[in-house]
Amino acid sequence: MLPATSALAEGLLAGSRRALSKAITLVESKRLDHRRQGELLVDSVMQRRRKALQESMGGASTRRMRHSLRVGIAGPPGAGKSTFIEAFGEHLTKQGLRLAVIPYDPSSTRTGGSILGDKTRMFELSRNPKAFIRPCPSRGMLGGIAEATHETVLLCQAAGYDVVIVESVGLGQSELDIDDAADLLVLLTSPAGGDGLQVWILRHLLC
């Protein structure tokens, strides 16, 4: 592991938001050298996380390494996912919890770019010192999230966030990958959508 990557791991474990942002950028990169360093970074922080949990010493450092709750937020475009996260996130931080939010946006098939506009809908939460919001592109992945989502969540957990919310892109009918990235999945839907058959399927899905 390069010295810069090792320093990044130290900063992340100390709770540095800047180090967390740079670490996420590293694991998302498509460059082979970046991906190798990203793998080493994740392995390093996970080993330290397991060691801290085994020692069960208590204190701030162990608190940062404990398992945090992963919450997935899914639903069709316009269902209010970002608005819900804004209100829910404010409630969580008022309880003294540290919150990380990873919202995903679809990427252009031409340029690979994303609008990454979800953060603009979380105006108050984005200014909250107990919240970390990192919009991410889906980079063409069709499962509702991205290839590096699991690594991104692990980095947020290692940085000491009590709750990590993953917001999927607007879902259709087959984007199920977010279910594997979360302990709890919340499905938001728009009222009065679909025909009778779709409403019946949705009703049984939610029951």
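Author: The buried residues of helix 7 are Thr149, Thr152, Val153, Leu155, Cys156, Gln157 and Ala158. Buried means under 20% relative accessible area, with a 1.4 Å probe and protein chains only, and helices are DSSP runs of H or I with at least four residues, numbered from the N terminus.

Reader: On what basis are these values given?
Author: This is a predicted model, in which local features need pLDDT of at least 70 and side-chain atom pairs count only at pLDDT 80 or more, while totals for chains, interfaces and linings use all residues. Residues are numbered from 1 along each chain as its sequence is written, and side-chain values use heavy atoms, with hydrogens and water left out.

Reader: How many residues of helix 7 are buried?
Author: The count is 7 of the 10 residues in 149-158, so helix 7 is largely enclosed by the rest of the structure.

Reader: What follows helix 7?
Author: Gly160 follows, and its phi is positive, near 100°.

Reader: Turning to Thr5, is it buried or exposed?
Author: Thr5 counts as buried because its relative accessibility is 5%. This residue lies in helix 1.

Reader: Which side chain does the Thr5 side chain make a polar contact with?
Author: That of Gln37, at 2.8 Å. A polar contact is a pair of N or O atoms within 3.5 Å; within protein, one must be able to donate a hydrogen and the other to accept it, and residues adjacent in sequence count only if both atoms are side-chain atoms.

How values were computed: Helix = DSSP H or I, 4+ residues; strand = E, 2+ residues; numbered from the N terminus. Buried < 20%, exposed > 50% of the residue type's maximum accessible area, 1.4 Å probe, protein only.
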